[in-house]
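Trainee: I would like to learn how to read helix packing, domain contacts and sheets. Can we work through one case?

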Amino acid sequence: MTVNIDPLDAGHSGDGELDGGRPVLDIDHLQVTFATDGGPVHAVKDVSLEVRKGEVLAIVGESGSGKTVTAKTILGLLPETASSSGAVVINGADVISVSAARLRQIRGRDVAMVFQEPSTALNPVFTVGWQIAEGIRAHAGRESGKRVSAKEAKSRAIEALRKVGIPDPEHRVNYYPQQFSGGQKQRVVIAAALALNPGLIVADEPTTALDVTVQAEILELLRDLRDKYGTSIVLITHNMGVVADLADRVVVMYQGDVVEEAPARTLFAEPRQDYTRKLLAAVPHLGHNSASEGLTSRAHQDEDVLVEANNLTIEYPGRLGTPAFKAVDRVSFTLSRGEVFGLVGESGSGKTTIGRAIAGLNRTTGGSLKVLGYEMLNLRERTFKPLRKDIGFVFQDPAASFNPQLTIGECIAEPMVIHTRPSPAQVRKRVGELLESVQLPASYAARYPHELSGGQRQRASLARALSLNPRLLIADEPTSALDVSVQAKVLELFKDIQQEFEFACLFISHDLAVVDILSSWVGVLYKGRLVEQGIGSHIMGNPQHDYTKRLIASLPVPDPEEQARRREQHRALLGI
Amino acid sequence: MSIPAVPVPMESPRAPWYRRLPVISHFNKSVGLQRGMLVAGLVLTGAFVLTALLAPLLAPYGFSQLSDDDGSFPTQQAPGGKHLLGTTVSGYDVLSRVIWGAQTAILVIVVAVAMSIVVGVVLGLVSGYIGGWLDRILVVIADAVYAFPSLLVAIVMAIVISGGQSSLVGGIFAAGTAITLVFIPQYFRVIRAETVRLKAEPFVESAKVVGASNIRIMSRHIYRNATRTLPLIFTLNASEAILTLAGLGFLGFGIEPSSAAEWGFDLNKALADTTSGIWWTGLFPGMAIVLTVLGLTLVGESINDLNDPRLRGRKSTGGSSPAPVDTAAIATEVRAS
C-alpha cells in the first residue's frame, strides 16, 4: 500500500513529541452505570488502563463485558441513562468532567472513532468528501479563528483519502458512500477519523461487519497508520485472530472488570488467568481439531443421496432495465445420508440462498435441485409439505427465530403439532426428551425465549429442528451470533448430536475454522459459483483455487507468531 | 467457557397478569413529568367514563326534559338556582345535557373503534401476509379513503344510513360507522406494516420451514406480535372519534335532542346565543369536548413515550450512583452556603 507523507502532518505531530512519554490515553478507575427498568446495571465496574504513543491496545471480551461502553466513554458518547465516574484523560483533559464545548474540541482533533458498520456510519445523502471535510471545518473555525475555505477542506479530504489507500482520490472525493464497496467504505470512515490527525483512534469492532479478505486489508491499513504516523489505536474486538494480528498489548475484560493485561505475545503464549485460558482455548483455530483429519476419500458415499444439485441456478429478478442477479450460478453437489457438508463463502457468495432453497424458502430458477427425491424447480407448497417433517433448519440468530410470545416448549412442539397431532401428554414428554438431548433442563419448556441466554436459545433452536427426527438438517451460520466460549460448546453439542442421530447436515458458515471442526466435506463458494470442493483438511491445508488460497491466507489465527508468518505469506500471495 | 450461575439476562419472573395490562404496566414504568401527564390523562378519562356510566344518577334532569313538577323550565336562564349551569333557548338544562352527552360520546367511541379494529386488523394481516395484487388493491382503497376529508365521509355515511336524522341507536350507529370507515385505513396500515416487517422475521420463516399453514402463521405468530401498538392508536383514535361526532352534530347530522344529548349539536344551537351574551350554553359542552379529548390524548401520548425505551424517563440510579465523591462534594458545598 502506498502512503504519502502529508506535509500537513508536521504541525500536529509536534504536540505529541513535546509530551514525551506521557500516555495518549489514561483511564483511571472508570465506572459506568446504566439506569434501566430493572434497576441500575454496572456495565463497567473498575477499569484502569493507558495507551502510549504509537501503540495498539486491544480490549477483548465477550458480549456484556463492557468493552464497547469503555470505548464510548473515551469519546463521551454514552447515552443519557448512563452515569460515569473515574477519569479518562486525553492530552491532559478529563473527558468525563469537561464541558460539552470542550468535549467537542477534543473529539476529532485528539481522538476519533471508527465504527463497526461502515454502511450506517456514513450519511448516504452527502459525498464522502463533504463528510470528511465536515470535521475539518467544524474544528478549524474554533481553534485558529479563521475559517477553512471549502476548497482547502476538500484538498485535505483528498489527502486523507489518499492516506487510506483509496485510488484516484481527486475524483472519488465526490462519490457518494453507496458507490464504494464495504471495505472501501470502512477506509473512508478511517479517512474521516484521520482528517485532523488525531493522536488516538478508537476502533470499535472495525472489521466485524467485513469479509475476511477485506478484513485483512483493513488490518493492514491500521497497522500502516501506526507505523507511519505513530497513531495510537484502541481496538475493541471479540476476534482473537484480529488481536493476534494487530495488537501490541491486550486487555481482557469480563463483566465490567479487567481480568488480565499483558503484551500480545505473552498473553497468547502464557495466559495467567483462568478466564483468559478458557477464552483462548475456545477460539477455533484453523487446522486444529479438524473433522476430516486423516480422511483420504469422501465418507458416506455408499449411503442414499438426500440432496442432489445439478447446475443449480438461482436468480433474483432485477429492477426494471437491469438484468437478473445470479445469486447461485451452476452449482453441483451431492449430500448423502449421515454426511456433514460444510459450505463456506463470504457475504454475497450465495451460501445462504442455497440453504434456503433446499428448505423451500427460496425458489430455484434453473438447473435441478432434488431434496429427498423431490424436484424443487417449480415447487408446490402443498406437495412439498409432507417432506418438511424430514428437514430441520437452524437459523443464524437464535433470538429472532423464536416467537417472543410463545414459550420455549410451545416453540419446540410446533413441528409435532403440525405434522403428527399428538396429545398434550405426548408433547410434554417429547419436549422434555429433546431439551435433555441438547443439555437443557426440562423446566425450561415453560420459559419465554427472552429469559434464555444466547447459547441456551441456540440449543433450544436445535431441539426444535430435531423434534421430528429429520433426515436432513440445514444449519445457516448457527454460531455466528454467539460468543466464542458459547460457540465452542454449541459446536461440541452439535457434533455429538449429529453422531447420535446420524442426520445429514448442510453446515453453512463464513468461518473456515468452524466449518473445519464439523464437516468432513467442504465446498467453497465465490460469487455464486462453487469454486472448489473436497475433504476439509485437504482444502484448508492445500487449496487449489486462487480464491480459496486468498480466503485461507487472510484468515487471522489466534497466535501472534504464527499470524506474523501467515501475514507474510498473504502479502506474497497478493504480490505486495 | 463455563460461566455457571452467571446472571445472564435472566429477567425477573413475569409480573402477575394485572400488572402487565397496557395502562397499568405503563403507569408502573413512568416517572416524573411523564407520570404526571399520564395521571392527568387518566384522571380526565376516568372522570369522563364515570360520568357516562353514572349519568342517570348524576344528572339532575333527563336530557330531553323541558319541565318538572313546578312547570316548564325557563329558557336561556343564567347559571344558578335550580339550573346550576343554566338553560338553553329551548329550555333544556345545560348541566344535564353535558352529563348525558358523555354517554353518547362513549357509545360512539366503543362502536366506532371496536368495528374499525376488527376490520382493520383482519384486513391488515391478510393484506400484509398474502401480498401480491390483493395487497395492492387494499392499499389503494385505503389511500383513497385517506383522500376524503373525514367529515365528508361521515356526512355521506350519516345520510346513507339514517337519512341524516335518527333515533339514539340509529344515530350512534350512523356516527359510529362513519367514523369506522375513516379509521379502518389507520388500523389497516399499522397492522399491515407490522405484518410485512414480521413476515421477514426468522421466527416466521422457521414456522414456514416446519410446514405451518398460512392461517396458523397469521393467527399464532404474526397476530400476537403485530397488535402491540393498538392500545396507543385506540386512545388517539378515541379522541378523534369524539371530535368527528361533535363535528357531525355541529353540522346538524347528529342525534335529535329528543333521542339523546350530544355536545356538538348543543354547540351548534349555542351559536346564535353568543351574540346576545349568553355564554353558558356554548361554554360547557365545549369544555366537555376539550377536556375529554385532552384526557384521551394525554393517555395516548404518554403510552407512546413509555413504549419507546429511548423516550422513557427512568429513575436515576439514586443511592447506588457510582459517583460517591461528587455527591459528597456537593453536600459539603450545600452545607457551606
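Trainee: At what angle do helix H12 and helix H18 of chain A pack?

Mentor: In this predicted model, helix H12 (residues 274-282) of chain A and helix H18 (residues 484-501) of chain A pack at about 50°, and their axes are 8 Å apart. That angle makes H12(A) oblique to H18(A). The crossing is left-handed.

Trainee: Which residues make the contact?

Mentor: H12(A) contributes Lys278(A), Leu279(A) and Ala282(A), while Val484(A), Ser485(A) and Ala488(A) come from H18(A). Sorted by class, the contact of H12(A) with H18(A) has 4 nonpolar, 1 polar and 1 charged residues.

Trainee: Now a helix pair in chain B. How are H4(B) and H12(B) oriented to each other?

Mentor: Start with the angle. The axes of helix H4 (residues 94-130) and helix H12 (residues 280-307) of chain B come within 10 Å and cross at roughly 30°. An angle under 35 degrees counts as roughly parallel, so H4(B) and H12(B) are roughly parallel to each other. The crossing of H4(B) and H12(B) is right-handed.

Trainee: Which residues of H4(B) and H12(B) meet?

Mentor: On H4(B) they are Val94(B), Val98(B), Gly101(B) and Ala105(B). Their counterparts on H12(B) are Trp280(B), Thr281(B), Phe284(B), Pro285(B), Ala288(B) and Thr292(B). The contact of H4(B) with H12(B) divides into 7 nonpolar and 3 polar residues, with no charged ones.

Trainee: Next, domains. What does the domain assignment give for chain A?

Mentor: The assignment gives domain 1 as 1-110 + 199-286 + 555-576, domain 2 as 122-197 and domain 3 as 302-554. The C-alpha centres of domain 1 and domain 3 of chain A are separated by 35 Å. Across that pair, 20 residues of domain 1 of chain A are in contact with 18 residues of domain 3 of chain A.

Trainee: Which elements give two or more residues to the side of domain 1 that touches domain 3?

Mentor: In chain A they are helix H9 (212-229), H12 and helix H22 (560-574). By class, that side of domain 1 of chain A has 9 nonpolar, 7 polar and 4 charged residues.

Trainee: Let us turn to sheets. How do strands of a sheet pair?

Mentor: Strands of a sheet pair through backbone hydrogen bonds, in a parallel or an antiparallel sense. In chain A, an open sheet of 6 strands has the order S16-S17-S18-S13-S19-S20, with mixed pairing. Strand S16 (391-394) and S20 of chain A stand at the edges with a single partner strand each, so one side of each has no neighbour in the sheet. On average, neighbouring strands of this sheet are turned by 15° against each other, direction ignored.

Trainee: In which sense do S16(A) and S17(A) pair, parallel or antiparallel?

Mentor: S16(A) and strand S17 (residues 472-476) of chain A are parallel, with 4 bridges. Phe393(A) stands opposite Ile474(A) in S17(A). Helix H17 (residues 454-466) of chain A lies across S16 and S17 of chain A and runs at about 165° to S16(A).

Trainee: How many bridges join S19(A) to S20(A)?

Mentor: There are 6 bridges between strand S19 (residues 521-526) and strand S20 (residues 529-535) of chain A, and the two run antiparallel. Val524(A) stands opposite Glu532(A) in S20(A). S19(A) and S20(A) form a hairpin with 2 residues between them, and Lys527(A) in the turn has a positive phi of about 50°.

Trainee: What is the strand order in the open sheet of 4 strands?

Mentor: The order is S12-S11-S14-S15 in chain A, with antiparallel pairing. Strand S12 (325-336) and strand S15 (374-375) of chain A are the edge strands, each pairing on one side only. Strand S11 (residues 305-316) and strand S14 (residues 366-371) of chain A run antiparallel and are joined by 5 bridges. Within S14(A), Ser368(A) is the bridge partner of Asn310(A). Helix H13 (residues 351-358) of chain A packs on the sheet and touches S11, S12 and S14 of chain A, and the direction of H13 makes about 60° with that of S12(A).

Trainee: Which residue takes a positive phi in the hairpin of S4(A) and S5(A)?

Mentor: Asn91(A) does, with a value near 45°, and the hairpin has 2 residues between the strands. S4(A) and strand S5 (residues 93-94) of chain A pair in the antiparallel sense over 2 bridges, and Val89(A) stands opposite Asp94(A) in S5(A).

Conventions:
Residues are numbered from 1 along each chain as its sequence is written. Chains are lettered from A and ligands numbered from 1 in the order in which they are written. This is a predicted model: local features need pLDDT of at least 70, side-chain atom pairs count only at pLDDT 80 or more; totals for chains, interfaces and linings use all residues. Axes are lines fitted to C-alpha atoms, for helices over the stretch in contact, and angles run from 0 to 180 degrees between N-to-C directions. Angles under 35 degrees count as roughly parallel, over 145 as roughly antiparallel, 65 to 115 as roughly perpendicular and the rest as oblique. A crossing is left-handed if the near helix is turned anticlockwise from the far one by less than a right angle, and right-handed if clockwise. Two residues are in contact if their C-beta atoms, placed from the backbone, lie within 7 Å. Ala, Val, Leu, Ile, Met, Phe, Trp, Tyr, Cys and Pro count as nonpolar, Asp, Glu, Lys and Arg as charged, and the others, Gly among them, as polar. Domain bounds come from an automatic or database domain assignment. Two strands pair if DSSP finds at least two bridges between them.
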